[in-house]
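Q: I'm new to this one. Can you walk me through the structure shown here?

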Amino acid sequence: AVDIAFSAPDFVHGKKLRFRYRLSGLNDTWSAGSPARHVFFAGLSPGLYTFEVEVSDAAGRWTGKTAAYSFRIRAPWWASW
């Protein structure tokens, strides 16, 4: 299982910010926008993944700037002969 938390430094409109994310390697479509700042993925298969998150501004426009983190889920040792 992978648990990812994220945020954006906005001290004026913090509660109005919305986030969307995608996990390449699992699904390349963006999630619906949400004020949630955390996502949990369970049961990921072995492979390479890239998590991307984007924030909207106070007016609800997506910024086009993303933060990304790549990681690999390795196969269990008994399946990696």
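A: A definition to begin with: strands (E, at least two residues) and helices (H or I, at least four) are DSSP runs numbered from the N terminus, and two strands pair if DSSP finds at least two bridges between them. This is a predicted model, in which local features need pLDDT of at least 70 and side-chain atom pairs count only at pLDDT 80 or more, while totals for chains, interfaces and linings use all residues. Residues are numbered from 1 along each chain as its sequence is written, and side-chain values use heavy atoms, with hydrogens and water left out.

Q: OK. How many helices and strands are there in the protein?
A: The protein has zero helices and five strands. From the N terminus on, its elements run β-β-β-β-β.

Q: Which strands make up the open sheet?
A: The open sheet has three strands in the order β2-β4-β5, and the pairing is antiparallel. β2 (19-24) and β5 stand at the edges with a single partner strand each, so one side of each has no neighbour in the sheet. On average, neighbouring strands of this sheet are turned by 20° against each other, direction ignored; the axes are lines fitted to C-alpha atoms, for helices over the stretch in contact, and angles run from 0 to 180 degrees between N-to-C directions.

Q: How many bridges join β2 to β4?
A: Six bridges join β2 to β4 (residues 47-56), and the two strands run antiparallel. As one example, Phe19 has Val55 in β4 as its bridge partner.

Q: Switching to charges: how many salt bridges are found in the whole structure?
A: The search finds three. A salt bridge here is a side-chain nitrogen of Lys or Arg within 4 Å of a carboxyl oxygen of Asp or Glu.

Q: Which residue meets Arg20 in a salt bridge?
A: Glu54 does, at 3.0 Å from N to O. The pair links distant parts of the chain, with Arg20 in strand β2 and Glu54 in strand β4, 34 residues apart.

Q: And is Glu54 buried or exposed?
A: Glu54 counts as buried, because its relative accessibility is 5%. Buried means under 20% relative accessible area, exposed means over 50%, and partly exposed is in between (1.4 Å probe, protein chains only).

Q: What does Glu52 form with Arg22?
A: They form a salt bridge, with the closest N and O atoms 2.8 Å apart. This pair also links distant parts of the chain: Glu52 is in strand β4 and Arg22 in strand β2, 30 residues apart. Glu52 is buried at 14% relative accessibility, whereas Arg22 is partly exposed at 22%.

Q: Which residue forms a salt bridge with Asp57?
A: Arg61, with the closest N and O atoms 2.9 Å apart. Asp57 is partly exposed at 23% relative accessible area, and Arg61 is exposed at 53%.

Q: Now the surface. Which residues make the nonpolar patch?
A: Trp77, Trp78 and Trp81 make a nonpolar surface patch of about 600 Å². Patches consist of residues with over 30% relative accessible area and no salt bridge, with like charges joined within 9 Å and nonpolar side chains (Val, Leu, Ile, Met, Phe, Trp, Tyr) within 5 Å. The areas come from the Shrake-Rupley method with a 1.4 Å probe, and for residues only the protein chains shown count as cover.

Q: Where is Trp77 placed?
A: Trp77 lies in the segment after β5 (62-73). Trp77 is exposed, with a relative accessible area of 67%.

Q: Last topic: what box do the C-alpha atoms fill?
A: The box is roughly 55 × 20 × 15 Å along the principal axes. Buried residues make up 26% of the 81 residues.
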